[in-house]
Amino acid sequence: MGHLHSRNIIIGVTGGIAAYKIAELIRLLRGDGASVRIILSRGAQAFVTPLTLQSLSGYPVHTELLDETAEMGMGHIELARWADIFLVAPATADTVARLAAGRADDLLTTAALATPAPLFVAPAMNQHMWNNAATTANIQTLRERGVKIIGPDAGEQACGDVGAGRLTEPETISAEISAHFPTRALEGKRAIITAGPTREPMDPVRYISNHSSGKMGFALAQAAAEAGAETILISGPVMLDTPKGVTRINVETALQMHEVCIDQIQKPTDLFVGSAAVADYRAEFNAPQKIKKVGDTLTLNLVRNPDIITEVAGSAHRPSLVVGFAAETEQLLEYAEGKRLTKQLDVVIANDVSQADIGFNSDINGVTWLDDTGHDVMPLTTKQNLAKLLIERCRQKLSQPEDQNKHISAPAEDNR
Ligand code: PMT
(Lines give C-alpha, C1' and ligand atoms only; values in the text may rest on other atoms or scores of the structure.)
Protein backbone atom coordinates (compact mmCIF):
# COMPACT_ATOMS: atom_id res chain seq x y z
CA MET A 1 0.00 0.00 0.00
CA GLY A 2 1.52 3.36 -1.04
CA HIS A 3 2.39 6.02 1.52
CA LEU A 4 -0.24 8.34 0.00
CA HIS A 5 -2.99 5.71 0.13
CA SER A 6 -6.41 7.36 0.69
CA ARG A 7 -4.92 10.88 0.41
CA ASN A 8 -6.77 13.33 -1.85
CA ILE A 9 -4.68 15.76 -3.82
CA ILE A 10 -5.88 18.60 -6.02
CA ILE A 11 -3.43 19.93 -8.57
CA GLY A 12 -4.28 23.36 -9.96
CA VAL A 13 -2.42 23.62 -13.27
CA THR A 14 -1.81 27.07 -14.72
CA GLY A 15 -0.54 28.22 -18.09
CA GLY A 16 3.16 27.57 -18.45
CA ILE A 17 5.30 25.42 -20.68
CA ALA A 18 6.05 23.19 -17.67
CA ALA A 19 2.38 22.12 -17.55
CA TYR A 20 3.34 18.98 -19.48
CA LYS A 21 5.34 17.79 -16.43
CA ILE A 22 2.10 17.40 -14.49
CA ALA A 23 1.42 14.18 -16.38
CA GLU A 24 4.45 12.60 -14.69
CA LEU A 25 3.52 14.10 -11.31
CA ILE A 26 0.04 12.56 -11.52
CA ARG A 27 1.63 9.19 -12.34
CA LEU A 28 3.96 9.42 -9.33
CA LEU A 29 1.28 10.50 -6.87
CA ARG A 30 -1.20 7.87 -8.03
CA GLY A 31 1.56 5.28 -8.00
CA ASP A 32 2.02 6.12 -4.29
CA GLY A 33 -1.70 5.56 -3.67
CA ALA A 34 -3.13 9.12 -3.87
CA SER A 35 -6.37 10.15 -5.57
CA VAL A 36 -5.66 13.13 -7.81
CA ARG A 37 -8.10 15.65 -9.25
CA ILE A 38 -7.07 18.36 -11.64
CA ILE A 39 -8.21 21.97 -11.96
CA LEU A 40 -6.99 23.39 -15.25
CA SER A 41 -6.86 27.15 -15.76
CA ARG A 42 -7.81 28.62 -19.14
CA GLY A 43 -4.17 29.42 -19.85
CA ALA A 44 -3.08 25.88 -19.03
CA GLN A 45 -5.45 24.49 -21.65
CA ALA A 46 -3.20 25.99 -24.32
CA PHE A 47 -0.41 23.68 -23.10
CA VAL A 48 -2.17 20.51 -22.04
CA THR A 49 -5.66 19.18 -22.78
CA PRO A 50 -8.32 18.25 -20.21
CA LEU A 51 -8.67 14.88 -21.93
CA THR A 52 -5.01 13.97 -21.34
CA LEU A 53 -5.16 14.82 -17.64
CA GLN A 54 -8.56 13.16 -17.27
CA SER A 55 -7.13 9.92 -18.66
CA LEU A 56 -4.12 10.11 -16.33
CA SER A 57 -6.00 11.12 -13.16
CA GLY A 58 -9.03 8.94 -13.74
CA TYR A 59 -11.36 11.85 -12.87
CA PRO A 60 -13.07 14.51 -14.98
CA VAL A 61 -10.88 17.63 -15.15
CA HIS A 62 -12.39 20.78 -13.61
CA THR A 63 -12.08 23.95 -15.67
CA GLU A 64 -14.95 26.38 -15.00
CA LEU A 65 -16.17 28.11 -11.85
CA LEU A 66 -19.78 28.41 -12.87
CA ASP A 67 -20.40 25.20 -14.74
CA GLU A 68 -23.88 23.76 -14.12
CA THR A 69 -22.92 20.17 -14.83
CA ALA A 70 -19.83 20.34 -12.67
CA GLU A 71 -21.73 21.96 -9.78
CA MET A 72 -24.28 19.12 -9.93
CA GLY A 73 -21.42 16.64 -9.50
CA MET A 74 -18.59 18.01 -7.37
CA GLY A 75 -19.04 21.75 -6.97
CA HIS A 76 -16.16 24.06 -6.23
CA ILE A 77 -16.72 24.10 -2.46
CA GLU A 78 -16.99 20.32 -2.26
CA LEU A 79 -13.89 20.08 -4.42
CA ALA A 80 -12.04 22.39 -2.05
CA ARG A 81 -13.20 20.31 0.93
CA TRP A 82 -12.25 17.01 -0.74
CA ALA A 83 -8.56 17.87 -0.81
CA ASP A 84 -6.01 16.80 1.80
CA ILE A 85 -3.47 18.89 -0.10
CA PHE A 86 -4.04 21.64 -2.66
CA LEU A 87 -1.06 22.04 -4.98
CA VAL A 88 -0.71 24.70 -7.65
CA ALA A 89 1.86 23.55 -10.22
CA PRO A 90 3.14 25.08 -12.34
CA ALA A 91 2.16 28.39 -10.76
CA THR A 92 2.72 31.31 -13.10
CA ALA A 93 3.73 34.75 -11.82
CA ASP A 94 0.16 35.91 -12.37
CA THR A 95 -1.27 32.99 -10.38
CA VAL A 96 1.20 33.64 -7.54
CA ALA A 97 0.08 37.30 -7.51
CA ARG A 98 -3.60 36.37 -7.54
CA LEU A 99 -3.16 33.81 -4.74
CA ALA A 100 -1.27 36.41 -2.69
CA ALA A 101 -4.04 38.94 -3.29
CA GLY A 102 -6.74 36.43 -2.28
CA ARG A 103 -8.55 36.73 -5.62
CA ALA A 104 -11.43 34.36 -6.40
CA ASP A 105 -12.21 35.09 -10.03
CA ASP A 106 -11.80 31.62 -11.50
CA LEU A 107 -12.22 28.04 -10.31
CA LEU A 108 -8.58 27.57 -9.33
CA THR A 109 -8.23 30.66 -7.15
CA THR A 110 -11.72 30.21 -5.66
CA ALA A 111 -11.04 26.61 -4.66
CA ALA A 112 -7.58 27.59 -3.33
CA LEU A 113 -9.21 30.26 -1.17
CA ALA A 114 -11.98 27.93 0.00
CA THR A 115 -9.90 24.89 0.81
CA PRO A 116 -9.08 24.04 4.42
CA ALA A 117 -6.21 21.88 3.08
CA PRO A 118 -2.57 23.04 3.19
CA LEU A 119 -1.66 24.96 0.07
CA PHE A 120 1.52 24.06 -1.84
CA VAL A 121 2.73 26.26 -4.68
CA ALA A 122 5.39 25.23 -7.21
CA PRO A 123 6.22 28.36 -9.24
CA ALA A 124 7.53 28.26 -12.80
CA MET A 125 8.31 31.39 -14.79
CA ASN A 126 11.02 33.35 -16.56
CA GLN A 127 13.96 34.15 -14.27
CA HIS A 128 13.41 37.94 -14.49
CA MET A 129 9.77 37.49 -13.52
CA TRP A 130 10.85 35.27 -10.61
CA ASN A 131 13.46 37.79 -9.44
CA ASN A 132 11.11 40.76 -9.81
CA ALA A 133 10.46 42.50 -6.49
CA ALA A 134 6.70 42.10 -7.01
CA THR A 135 7.00 38.31 -7.26
CA THR A 136 9.40 38.21 -4.30
CA ALA A 137 6.88 40.13 -2.20
CA ASN A 138 4.01 37.88 -3.32
CA ILE A 139 5.98 34.74 -2.48
CA GLN A 140 6.88 36.20 0.90
CA THR A 141 3.20 36.95 1.57
CA LEU A 142 2.26 33.37 0.74
CA ARG A 143 5.08 31.98 2.90
CA GLU A 144 3.98 34.13 5.84
CA ARG A 145 0.50 32.63 5.49
CA GLY A 146 1.95 29.14 5.77
CA VAL A 147 1.81 28.29 2.07
CA LYS A 148 4.57 25.82 1.19
CA ILE A 149 6.61 27.04 -1.76
CA ILE A 150 8.33 24.26 -3.69
CA GLY A 151 11.30 25.46 -5.76
CA PRO A 152 11.66 26.78 -8.33
CA ASP A 153 14.78 25.08 -9.67
CA ALA A 154 17.48 26.94 -11.57
CA GLY A 155 18.80 26.08 -15.02
CA GLU A 156 18.11 26.57 -18.70
CA GLN A 157 14.65 27.92 -19.38
CA ALA A 158 12.29 27.36 -22.30
CA CYS A 159 12.77 31.01 -23.34
CA GLY A 160 16.54 30.52 -23.60
CA ASP A 161 17.41 32.32 -20.33
CA VAL A 162 19.42 30.60 -17.65
CA GLY A 163 18.44 31.15 -14.02
CA ALA A 164 15.90 30.38 -11.30
CA GLY A 165 12.34 29.76 -12.43
CA ARG A 166 12.14 26.19 -13.70
CA LEU A 167 9.39 24.00 -12.27
CA THR A 168 10.85 21.68 -9.63
CA GLU A 169 11.06 18.12 -10.97
CA PRO A 170 7.95 15.97 -10.39
CA GLU A 171 9.95 13.49 -8.24
CA THR A 172 10.84 16.28 -5.79
CA ILE A 173 7.32 17.73 -5.72
CA SER A 174 5.95 14.26 -5.07
CA ALA A 175 8.53 13.74 -2.26
CA GLU A 176 7.57 17.10 -0.69
CA ILE A 177 3.92 16.10 -0.69
CA SER A 178 4.73 12.67 0.64
CA ALA A 179 6.87 14.13 3.43
CA HIS A 180 3.89 16.23 4.55
CA PHE A 181 2.11 13.09 5.74
CA PRO A 182 4.00 11.61 8.66
CA THR A 183 4.52 7.88 8.52
CA ARG A 184 5.46 5.72 11.46
CA ALA A 185 8.12 4.28 9.20
CA LEU A 186 10.81 4.63 11.87
CA GLU A 187 8.74 2.81 14.51
CA GLY A 188 11.08 0.62 16.56
CA LYS A 189 14.17 2.60 15.45
CA ARG A 190 16.37 4.80 17.63
CA ALA A 191 17.70 8.17 16.43
CA ILE A 192 20.22 10.52 18.01
CA ILE A 193 20.37 14.08 16.70
CA THR A 194 22.78 16.80 17.76
CA ALA A 195 21.72 20.43 17.39
CA GLY A 196 22.70 24.01 18.07
CA PRO A 197 26.07 25.55 18.86
CA THR A 198 28.51 24.69 21.61
CA ARG A 199 29.89 27.34 23.95
CA GLU A 200 33.56 27.21 24.85
CA PRO A 201 34.20 29.29 27.98
CA MET A 202 37.18 31.62 28.35
CA ASP A 203 36.27 32.83 31.82
CA PRO A 204 33.08 32.95 33.93
CA VAL A 205 31.44 35.58 31.64
CA ARG A 206 32.84 35.00 28.13
CA TYR A 207 32.74 32.20 25.61
CA ILE A 208 33.52 31.31 21.98
CA SER A 209 30.52 30.15 19.95
CA ASN A 210 28.76 30.50 16.57
CA HIS A 211 25.42 31.53 15.06
CA SER A 212 23.66 28.16 15.12
CA SER A 213 20.10 28.57 16.39
CA GLY A 214 19.34 24.84 16.63
CA LYS A 215 16.37 25.19 14.25
CA MET A 216 17.65 22.61 11.76
CA GLY A 217 18.47 20.01 14.40
CA PHE A 218 15.19 20.53 16.28
CA ALA A 219 13.24 20.17 13.01
CA LEU A 220 15.11 16.90 12.33
CA ALA A 221 14.31 15.63 15.82
CA GLN A 222 10.65 16.52 15.35
CA ALA A 223 10.52 14.74 11.97
CA ALA A 224 12.26 11.63 13.39
CA ALA A 225 9.87 11.51 16.36
CA GLU A 226 6.84 12.00 14.10
CA ALA A 227 8.12 9.11 11.99
CA GLY A 228 7.97 6.95 15.11
CA ALA A 229 11.65 6.83 16.14
CA GLU A 230 12.74 6.93 19.77
CA THR A 231 14.50 10.28 19.39
CA ILE A 232 17.30 11.67 21.56
CA LEU A 233 18.14 15.31 20.91
CA ILE A 234 21.50 16.44 22.26
CA SER A 235 21.41 20.19 22.14
CA GLY A 236 23.76 23.07 22.76
CA PRO A 237 22.33 26.26 24.32
CA VAL A 238 19.36 27.43 22.18
CA MET A 239 16.03 29.19 22.72
CA LEU A 240 13.73 26.48 21.32
CA ASP A 241 10.99 24.31 22.77
CA THR A 242 11.56 20.57 22.79
CA PRO A 243 9.54 18.89 20.02
CA LYS A 244 6.79 16.51 21.17
CA GLY A 245 7.93 12.98 21.85
CA VAL A 246 11.63 13.89 21.89
CA THR A 247 14.04 13.25 24.78
CA ARG A 248 16.31 16.27 25.09
CA ILE A 249 19.71 16.40 26.75
CA ASN A 250 21.18 19.87 27.16
CA VAL A 251 24.91 20.50 26.97
CA GLU A 252 27.09 23.61 26.79
CA THR A 253 30.52 22.63 25.54
CA ALA A 254 31.90 20.35 22.83
CA LEU A 255 33.45 18.16 25.54
CA GLN A 256 30.06 17.73 27.19
CA MET A 257 28.39 16.99 23.83
CA HIS A 258 31.11 14.45 23.11
CA GLU A 259 30.59 12.70 26.43
CA VAL A 260 26.80 12.51 26.05
CA CYS A 261 27.02 11.28 22.42
CA ILE A 262 29.48 8.52 23.27
CA ASP A 263 27.30 7.52 26.22
CA GLN A 264 24.11 7.50 24.13
CA ILE A 265 25.48 5.30 21.32
CA GLN A 266 26.25 2.53 23.82
CA LYS A 267 22.59 1.62 23.31
CA PRO A 268 22.01 0.22 19.78
CA THR A 269 21.14 3.13 17.54
CA ASP A 270 19.88 3.16 13.96
CA LEU A 271 20.42 6.78 13.00
CA PHE A 272 22.88 9.45 14.15
CA VAL A 273 22.59 12.93 12.64
CA GLY A 274 25.21 15.52 13.56
CA SER A 275 23.61 18.85 12.75
CA ALA A 276 25.25 20.65 15.68
CA ALA A 277 27.80 23.33 14.91
CA VAL A 278 30.41 22.00 17.32
CA ALA A 279 33.33 24.32 18.06
CA ASP A 280 36.48 22.81 16.61
CA TYR A 281 38.62 24.49 19.29
CA ARG A 282 38.22 25.54 22.91
CA ALA A 283 40.25 27.89 25.08
CA GLU A 284 43.17 26.01 26.57
CA PHE A 285 42.47 27.54 29.97
CA ASN A 286 39.09 28.52 31.37
CA ALA A 287 40.10 31.35 33.67
CA PRO A 288 38.48 30.97 37.12
CA GLN A 289 37.94 34.76 37.38
CA LYS A 290 36.94 37.36 34.76
CA ILE A 291 39.94 38.15 32.55
CA LYS A 292 41.03 41.73 33.20
CA LYS A 293 41.65 44.32 30.48
CA VAL A 294 45.40 44.80 30.56
CA GLY A 295 47.53 45.72 27.53
CA ASP A 296 46.41 46.32 23.92
CA THR A 297 46.29 42.69 22.85
CA LEU A 298 45.24 39.48 24.45
CA THR A 299 46.54 36.11 23.25
CA LEU A 300 44.23 33.20 23.68
CA ASN A 301 45.54 29.67 23.19
CA LEU A 302 43.03 27.32 21.60
CA VAL A 303 43.20 23.54 21.70
CA ARG A 304 41.39 21.14 19.44
CA ASN A 305 38.10 19.59 20.57
CA PRO A 306 37.40 15.92 19.88
CA ASP A 307 35.62 15.37 16.57
CA ILE A 308 32.42 13.86 17.90
CA ILE A 309 30.94 12.47 14.70
CA THR A 310 34.24 10.91 13.63
CA GLU A 311 34.40 9.05 16.93
CA VAL A 312 30.76 8.01 16.62
CA ALA A 313 31.34 6.71 13.08
CA GLY A 314 34.51 4.89 14.11
CA SER A 315 33.02 3.40 17.27
CA ALA A 316 32.42 -0.30 17.89
CA HIS A 317 28.87 0.88 18.70
CA ARG A 318 28.52 2.66 15.36
CA PRO A 319 24.88 3.54 14.59
CA SER A 320 23.65 1.91 11.35
CA LEU A 321 23.52 5.22 9.51
CA VAL A 322 25.75 8.17 10.41
CA VAL A 323 24.83 11.47 8.78
CA GLY A 324 26.90 14.63 9.15
CA PHE A 325 26.36 18.19 8.04
CA ALA A 326 29.05 20.23 6.33
CA ALA A 327 28.67 23.99 6.73
CA GLU A 328 30.82 25.57 4.03
CA THR A 329 31.36 29.06 2.67
CA GLU A 330 33.26 27.92 -0.47
CA GLN A 331 33.90 24.82 -2.59
CA LEU A 332 30.75 23.34 -1.08
CA LEU A 333 30.62 19.91 -2.68
CA GLU A 334 34.36 19.31 -2.69
CA TYR A 335 34.77 20.09 1.01
CA ALA A 336 31.57 18.27 1.96
CA GLU A 337 32.63 15.10 0.14
CA GLY A 338 36.05 15.40 1.83
CA LYS A 339 34.31 15.45 5.22
CA ARG A 340 32.16 12.47 4.29
CA LEU A 341 35.24 10.43 3.51
CA THR A 342 37.51 11.69 6.30
CA LYS A 343 34.87 11.32 8.99
CA GLN A 344 33.67 7.96 7.57
CA LEU A 345 30.07 9.16 7.24
CA ASP A 346 27.40 7.40 5.20
CA VAL A 347 25.86 10.70 4.20
CA VAL A 348 26.86 14.32 4.41
CA ILE A 349 24.42 17.20 4.06
CA ALA A 350 26.27 20.06 2.38
CA ASN A 351 25.03 23.40 3.70
CA ASP A 352 26.11 26.53 1.85
CA VAL A 353 26.39 28.99 4.73
CA SER A 354 27.82 31.78 2.60
CA GLN A 355 24.23 32.84 1.81
CA ALA A 356 22.71 34.90 4.61
CA ASP A 357 19.13 33.70 4.00
CA ILE A 358 19.88 29.97 4.42
CA GLY A 359 21.90 27.93 6.89
CA PHE A 360 22.66 29.50 10.26
CA ASN A 361 19.73 31.01 12.14
CA SER A 362 17.32 31.13 9.16
CA ASP A 363 13.88 29.57 8.83
CA ILE A 364 14.60 28.11 5.40
CA ASN A 365 17.47 26.00 4.20
CA GLY A 366 18.79 24.60 0.95
CA VAL A 367 21.20 21.68 1.09
CA THR A 368 22.77 18.99 -1.06
CA TRP A 369 22.65 15.31 -0.04
CA LEU A 370 25.90 13.46 -0.71
CA ASP A 371 26.40 9.73 -0.33
CA ASP A 372 28.45 7.04 -2.03
CA THR A 373 26.12 7.08 -5.05
CA GLY A 374 26.60 10.79 -5.82
CA HIS A 375 24.88 14.02 -4.86
CA ASP A 376 21.39 15.41 -5.03
CA VAL A 377 20.26 19.04 -4.57
CA MET A 378 17.34 19.20 -2.14
CA PRO A 379 14.64 21.87 -2.56
CA LEU A 380 14.98 25.27 -0.89
CA THR A 381 12.26 25.07 1.74
CA THR A 382 11.49 25.54 5.43
CA LYS A 383 13.71 23.67 7.86
CA GLN A 384 10.62 21.69 8.95
CA ASN A 385 9.91 20.52 5.38
CA LEU A 386 13.53 19.85 4.67
CA ALA A 387 13.82 17.80 7.87
CA LYS A 388 10.90 15.61 6.78
CA LEU A 389 12.54 15.06 3.40
CA LEU A 390 15.90 14.26 4.98
CA ILE A 391 14.44 11.86 7.55
CA GLU A 392 12.48 10.11 4.79
CA ARG A 393 15.71 9.71 2.79
CA CYS A 394 17.48 8.37 5.86
CA ARG A 395 14.66 5.86 6.30
CA GLN A 396 15.07 4.73 2.70
CA LYS A 397 18.82 4.37 3.20
CA LEU A 398 18.30 2.42 6.44
CA SER A 399 16.02 -0.01 4.63
CA GLN A 400 18.68 -0.80 2.01
CA PRO A 401 20.61 -4.06 2.45
CA GLU A 402 23.68 -3.73 4.72
CA ASP A 403 26.30 -3.96 1.95
CA GLN A 404 24.75 -0.97 0.17
CA ASN A 405 25.52 1.16 3.23
CA LYS A 406 29.14 0.13 3.37
CA HIS A 407 31.52 2.46 5.13
CA ILE A 408 34.44 4.07 3.45
CA SER A 409 37.94 4.21 4.84
CA ALA A 410 39.55 7.60 5.36
CA PRO A 411 41.70 9.14 2.60
CA ALA A 412 45.05 10.78 3.25
CA GLU A 413 44.04 14.46 3.37
CA ASP A 414 42.31 15.78 6.49
CA ASN A 415 40.21 18.82 5.59
CA ARG A 416 37.84 18.62 8.55
O1 PMT B 1 21.21 25.66 13.89
P2 PMT B 1 20.69 26.41 12.68
O3 PMT B 1 20.70 27.91 12.91
O4 PMT B 1 19.35 25.90 12.23
O5 PMT B 1 21.72 26.18 11.48
C6 PMT B 1 21.88 24.91 10.92
C7 PMT B 1 23.35 24.62 10.66
C8 PMT B 1 23.87 25.58 9.60
C9 PMT B 1 24.17 24.74 11.94
C10 PMT B 1 23.40 23.12 10.18
O11 PMT B 1 22.59 22.98 9.07
C12 PMT B 1 24.83 22.70 9.84
O13 PMT B 1 25.34 22.91 8.76
N14 PMT B 1 25.45 22.05 10.85
C15 PMT B 1 26.89 21.67 10.81
C16 PMT B 1 27.72 22.85 11.18
C17 PMT B 1 29.17 22.51 11.28
O18 PMT B 1 29.75 22.70 12.30
O19 PMT B 1 29.72 21.95 10.23
P20 PMT B 1 31.23 21.46 10.16
O21 PMT B 1 31.48 21.41 8.72
O22 PMT B 1 32.13 22.31 10.97
O23 PMT B 1 31.21 20.01 10.80
C24 PMT B 1 31.02 18.84 10.00
C25 PMT B 1 30.32 17.77 10.82
O26 PMT B 1 31.16 17.37 11.90
C27 PMT B 1 29.02 18.19 11.44
O28 PMT B 1 28.15 17.08 11.36
C29 PMT B 1 29.38 18.52 12.88
O30 PMT B 1 28.28 18.30 13.75
C31 PMT B 1 30.49 17.52 13.12
N32 PMT B 1 31.51 17.94 14.12
C33 PMT B 1 32.28 19.04 13.91
C34 PMT B 1 33.26 19.38 14.80
C35 PMT B 1 33.44 18.58 15.95
N36 PMT B 1 34.36 18.87 16.86
N37 PMT B 1 32.67 17.49 16.15
C38 PMT B 1 31.70 17.16 15.26
O39 PMT B 1 30.99 16.17 15.46
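**Entry 1: domain interface**

A salt bridge here is a side-chain nitrogen of Lys or Arg within 4 Å of a carboxyl oxygen of Asp or Glu. I applied that rule across the interface of domain 1 and domain 2 of this predicted model and found 0 salt bridges.

I went back to the division of the chain. Domain 1 covers 8-180, and domain 2 is made of 190-288 + 297-404. I took the centres over C-alpha atoms and found 35 Å between domain 1 and domain 2. For the contact I listed 8 residues from domain 1 and 6 residues from domain 2.

Next I looked up the area. The size of an interface is often given as the accessible area lost when the parts come together. Domain 1 and domain 2 bury about 680 Å² between them, and carbon and sulfur atoms give 55% of this. On the domain 1 side I noted Arg 143, Glu 176 and Ala 179, which supply 55% of the area that domain 1 buries against domain 2, more than any other three residues.

**Entry 2: the domain 1 side**

Which elements of domain 1 each supply at least two residues to the side that touches domain 2? I found strand E5 (148-149) and helix H9 (170-180). H9 gives the largest share, 5 residues. I sorted the residues of this side by class and got 3 nonpolar, 3 polar and 2 charged.

**Entry 3: aromatic rings**

I searched for aromatic pairs, and the rule gave 1. A pair of aromatic rings is described by the distance of the centres and the angle of the planes. For Tyr 59 and Trp 82 I noted 6.2 Å centre to centre and 75 degrees between the planes, an edge-to-face pair. Tyr 59 sits in the loop between helix H2 (50-57) and helix H3 (68-72), and Trp 82 in helix H4 (residues 76-82), so the pair ties together parts that are 23 residues apart in sequence.

**Entry 4: backbone**

Most residues other than glycine have a negative phi, and most peptide bonds are trans. I looked for exceptions.

- The bond joining Ala 89 and Pro 90 is cis, with omega about -10 degrees; I placed Pro 90 in strand E3 (residues 85-91).
- From Gly 151 to Pro 152 the peptide bond is also cis, with omega near 5 degrees; Pro 152 is in the loop between E5 and strand E6 (153-156).
- Ser 6 has a positive phi, near 65 degrees; I located Ser 6 in the segment before strand E1 (8-13).

Terms used. Residues numbered from 1 in each chain as written. Predicted model: local features only at pLDDT ≥ 70, side-chain atom pairs only at ≥ 80, totals over all residues. Heavy atoms only, no water. Domains from an automatic or database assignment. Contact = heavy atoms within 4.5 Å. Buried area = accessible area lost by both parts, 1.4 Å probe. Helix = DSSP H or I, 4+ residues; strand = E, 2+ residues; numbered from the N terminus. Nonpolar A, V, L, I, M, F, W, Y, C, P; charged D, E, K, R; others polar. Phe/Tyr/Trp six-rings, centres within 6.5 Å; stacked < 30°, edge-to-face > 60°.
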